[in-house]
Amino acid sequence: MPTHEPHLSAALALDTVTLAPQALQTLRSLSPGHEGEFMRRVLRTYRQSLDRYLVDIERGLARGDLPAVRLAAHSLKSSSAQVGALEFSDRCAALEFAAAGRPKDPSVPLADLVAAVLAAAPAVARAVEAVAAAGESAP
């Protein structure tokens, strides 16, 4: 059992994610007149990369390869912010800093930060899939 159960419990409580409307509008505006096709392509690409980066984080942690964890967390942080998954982006940022040896909160173990990212990922994936399918912001 993790030593910082409140942090982990908070991570597991993330059942729903709403993508930031402003980020989605920015994506839509990059290809006006195309019914949001560019945004849907970006969201589909993000969804595919999400799984890959999560695997990279898990493998890096298992091997003790913190640079690999940091790189995957950094990539997820940036791409998540671009698609409007802002809370998830913040979790990835915390993991990135911790894996680089500069934790935002030194009392939270790296394993708890990984657990927070992994626990939130399914809700992020569902939100991205819903928006990509609808072509507009999720409810």
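Predicted model: local features only at pLDDT ≥ 70, side-chain atom pairs only at ≥ 80, totals over all residues.

**Entry 1: R47 and its partners.** I checked R47 against E129. Their side chains meet in a salt bridge, at 2.6 Å from N to O. This pair links distant parts of the chain, with R47 in helix α3 and E129 in helix α6, 82 residues apart. I then found R47 in a salt bridge with D51, where the closest N and O atoms are 2.9 Å apart. Here both residues belong to helix α3; they sit four residues apart, about one turn of the helix.

I looked up accessibility next. R47 is among the buried residues of α3. D51 has a relative accessible area of 39%, so I logged D51 as partly exposed. E129 also comes out at 39%, and is therefore partly exposed.

**Entry 2: other charged pairs.** I searched the whole structure and got seven salt bridges. One of them joins R63 to D65, with 3.3 Å between the closest N and O atoms. R63 counts as exposed because its relative accessibility is 55%. D65 is at 25%, so D65 counts as partly exposed. I also noted a network: E37, R40 and R44 are joined by salt bridges that share partners.

**Entry 3: helix α3.** I tested the length of α3, residues 37-63. Its 27 residues should span 39 Å at 1.5 Å a residue; the end C-alpha atoms are 39 Å apart, so the two values agree. After the helix comes G64, with a positive phi near 75 degrees.

Which helices do the buried residues of α3 pack against? I found α2 (21-29), α4 (66-83), α5 (86-99) and α6 (110-134). The buried set in α3 includes M39, L43, Y46, L50, Y53, L54 and I57.

Entry 4: In soluble globular proteins, nonpolar side chains tend to be buried together. I looked for such a cluster here. The largest nonpolar core holds 36 residues, and L19, L43, L76 and F88 have the most contacts inside it. At least two residues come from each of α2, α3, α4, α5 and α6. The most come from α6, which gives 12.

I finished with L19. Leaving out residues up to four places away in sequence, L19 touches L24, L43, V83, G84, A85, A127, V128 and V131.

Conventions
Residues numbered from 1 in each chain as written. Heavy atoms only, no water. Expected span 1.5 Å × (residues − 1). Buried < 20%, exposed > 50% of the residue type's maximum accessible area, 1.4 Å probe, protein only. Contact = heavy atoms within 4.5 Å. Salt bridge = Lys/Arg side-chain N within 4 Å of Asp/Glu carboxyl O. Core = buried A, V, L, I, M, F, W, Y, C linked by side-chain atoms within 4.5 Å.
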